[in-house]
Amino acid sequence: MVAVVLTIITAAEVAVAYVPALRPVLAYILITLSAAKFSLVVMYYMHLKFDSRIFSGVFLAPFSLALVVVVAMVLLFKLIPFI
Amino acid sequence: MSHAAAASSDHHYTSTGLNTFKLGFWTLIGSESLFFASLIATYMVYKGESVRGPFPSDVFNIPLTSVSTFVLLMSSLMMVLALAAVQRGDRKGSLLWLFMTALFGSIFLGFQAYEFTHFYHAGLTLGTNVFGSSFFILTGFHGAHVLIGVIWLLTLWVQALRGRLGPKDAITVEVAGLYWHFVDIVWIAIFTLVYLLE
Amino acid sequence: MATAEATIQSGTTAGRKTGLWSWITTVDHKRIGIMYAVTALVWFLVGGLEALLIRIQLAKPENDFLSADVYNQIFTMHGTTMIFLVGMPIAVALFNYIVPLQIGARDVAFPRLNALSYWIYLFGGIFMNVGFLFNAAPNMGWFGYTPLTTKMYTPGLNADFWSVGLQILGIASIMGGVNFITTIINLRAPGMTLMRMPLFTWMALVQSFLVITALPVFAVALFFLSFDRFYGTNFYNTMAGGEALLWQHLFWIFGHPEVYILILPAFGIISDVLPAFTRKPLFGYNMVVYSGVLIGFIGWGVWAHHMFAVGMGPIADAFFSIATLIIAIPTGVKIFNWLATMWGGTIRFNTPMLFCIAMVAMFTIGGISGVHLGSPPADLHETDTYYVVAHFHYVLFGGLIMGLFAGFYYWFPKVTGRMLDEKLGKWNFWLFVIGANMTFFPMHFAGLLGMPRRIFTYAEELNLGTINHIISIGGFITALGVLAFAWNVIRSLKKGQIAGNNPWDAHTLEWATTSPPPEYNFSELPEIRTREPLWDGVSSVDVAGPPKAPIHMPSPSYWPILTAAAINLTLILMMTELWWPPVLGAALVLLCVINWAYEPASEH
């Protein structure tokens, strides 16, 4: 069920990486697909979709900060110095 | 004194009705997200900054890593099956799926070991350039987490073997599952951002 | 059922409550809290001594009391000790002792993990200071900037003691954070909703979230530094394409939340102590809670205000500046709520209250200089000068320390069963107020007049001698205040007035039980109806006295101290620069953890 979907998405990711025409938007597509896989595992395998919202809160609050760290660091080192 | 003393009104009382161990573990997972985020952020910052090679495109073998990624992904499925087996008191199923999860995890580690050796022979070490440093430390910490997970699963397997992993112990298996799936989703992030974005 | 029949079971060493072994294997949050407090207070004296040495050296220009190299070790360790060995652990000491009592729990969620955190802290703190024995104490500033801390510029062991020691301590903090979050969410007494919790517990919850999110980033920064130094990686090696600035970002991503980690407990203390001494509930409880949460979140977006001078560019500077100024708003909200709590109340000026009032005033002064520093143009003149030193000492001494002392005087009776002496308390208080303001206020001017930070001496021609002289005198006056406190504690332990359950007639749950509380805290779980359960007359808080039913307490265990030793060993073995000793150490840790897991804990 979920495993099948995950396999399909992984295959799609690898395939997309080899399509030259998609190069410019490659990063966005891959990140979207990975986010989908990530969400599926978290919601279904780790059962967050069906469990108490307290678990979601206790995980998502730090996790959102984790995203902030990655985005901020990439911006600060890779983007902003070159504007 | 007997455990009829559990008549004490505050035994096992929680304000939310949630399992304390599980709650603590989700908190730990939140914390670990920051740990891996910092490692991943560093890798992304140093992408393309190495002064000398080998560079990622020189050494990466995407088809091979796709296979190992798939193996790890499937191990998550096995973990789900293992938990279900423990929850319904299926000893044979528990033994089978716990073992399979650990096995697939070990296969993944095998792939990692192969990859690391291959990179080393291609001239990529911890100190060669920033790619080597950030890559090996990121994937190294991830691999260490997988190893700890495999050991954890094997101790659960031994418990099941001794007949001491019944439905009432399912919570420890559930928490081990949370850890295992977390290690898997970290790899999802690593596979995409490190390998596929090359 | 006769209560005389009810008993407490406490593992195989039931009844064995005294002696060294009972302390080594304790998992009781109250004992662990006491151990944290005693250890932290010892480090406070060490850090204070380091401060006095600094002030002697700086009292006059071109002084030669301390050589430059020794001075660098002293000022680095002063900062490192005060922040990591005093500031954070003292808050944890209070969380440990007070939070379970405030929420009506019998212990924290993971008692053995709690003990583990303490032993890691004890061993790690000692390890960091071992460097002094080799004249190789950390000497690169408490913030460890690269490239100074790389092997090339600090070839000696100094930076190793620092990076390994802090790595060790970080583990203790994260484990503690997980413990307190779980405890506060899951172990509250019936009827105690989140919005009925005491503010001290609320701030503990927010602070713990900051700990579990900020410390891992620091851990990564430290691992990078250690691996660069021991295993030849290139994270901070500019010649290989690395960035020295990576350290600064990672460090301050941790470092800014860190300062909120330090101050939120003090905010919590003030919010609990003020109502007790003004005989009014906290004004604007909801807003104080939301402000605290907001400070926690926004605090994550301001870190690069420590880096305005590195050249990030106007966009980054503007973003971080705006975020920094915004965070002044929820902080101001809290201050006004505290003032409103005092307004119209029946104020009793006992020592805890005095410390609260001073805290509010001095923290505000520190906040104002903080706003100045939050503006990049102003900061470019003020950064790396004594203006910054003035700012953070006002918020840390004026805010954190004054707040902590309010907490000491407030809760000492609960912990020991005796009151601290009011007269000595007032001596302590006034010596602190006069001393601290004399020490830190002139620093604003010294900084604006151009005195840089982190210098071991300064030229005669700069005309800073008088200011520095005054500052140094202030430092010694503050030290006298510490002596007054120490004398107060020693004397009161034996001869202090007996406290009783609730000597302050305060409103929160910890005052419902005896002073000190029994091992099991409450005879039965209280039932809460409002925020001031001891004032409302409807909450069920008759919980002092013998247990009403048999109570299982967690069993003592020696695995926490063993595991702590193994963790320390593993990280210290990195200094061999070989890979297999730490791996062996890790295997040892694993062995301890497995044994720990198989040891039956008492269910909670």
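Modeller: The model is predicted, so local features need pLDDT of at least 70 and side-chain atom pairs pLDDT 80 or more, while totals for chains, interfaces and linings use all residues. Residues are numbered from 1 along each chain as its sequence is written, with chains lettered from A and ligands numbered from 1 in the order in which they are written.

Colleague: What radius of gyration does chain C have?

Modeller: That radius is taken over C-alpha atoms, and the globule rule is 2.2 Å times the number of residues to the power 0.38. With 604 residues, a compact globule would come out near 25 Å, and chain C agrees with that, at 24 Å.

Colleague: How many helices does chain B have?

Modeller: Helices are DSSP runs of H or I with at least four residues, and strands are E runs with at least two, both numbered from the N terminus. Chain B has zero strands, and its helix count is six.

Colleague: Which helix of chain B gives the most to the side that touches chain A?

Modeller: Contact means C-beta atoms, placed from the backbone, within 7 Å, and 33 residues of chain B are in contact with 33 of chain A. Helix 1 (20-45), helix 3 (62-87) and helix 6 (170-196) each supply at least two residues of that side of chain B. With 14 residues, the top giver is helix 1 of chain B.

How values were computed: Two residues are in contact if their C-beta atoms, placed from the backbone, lie within 7 Å.
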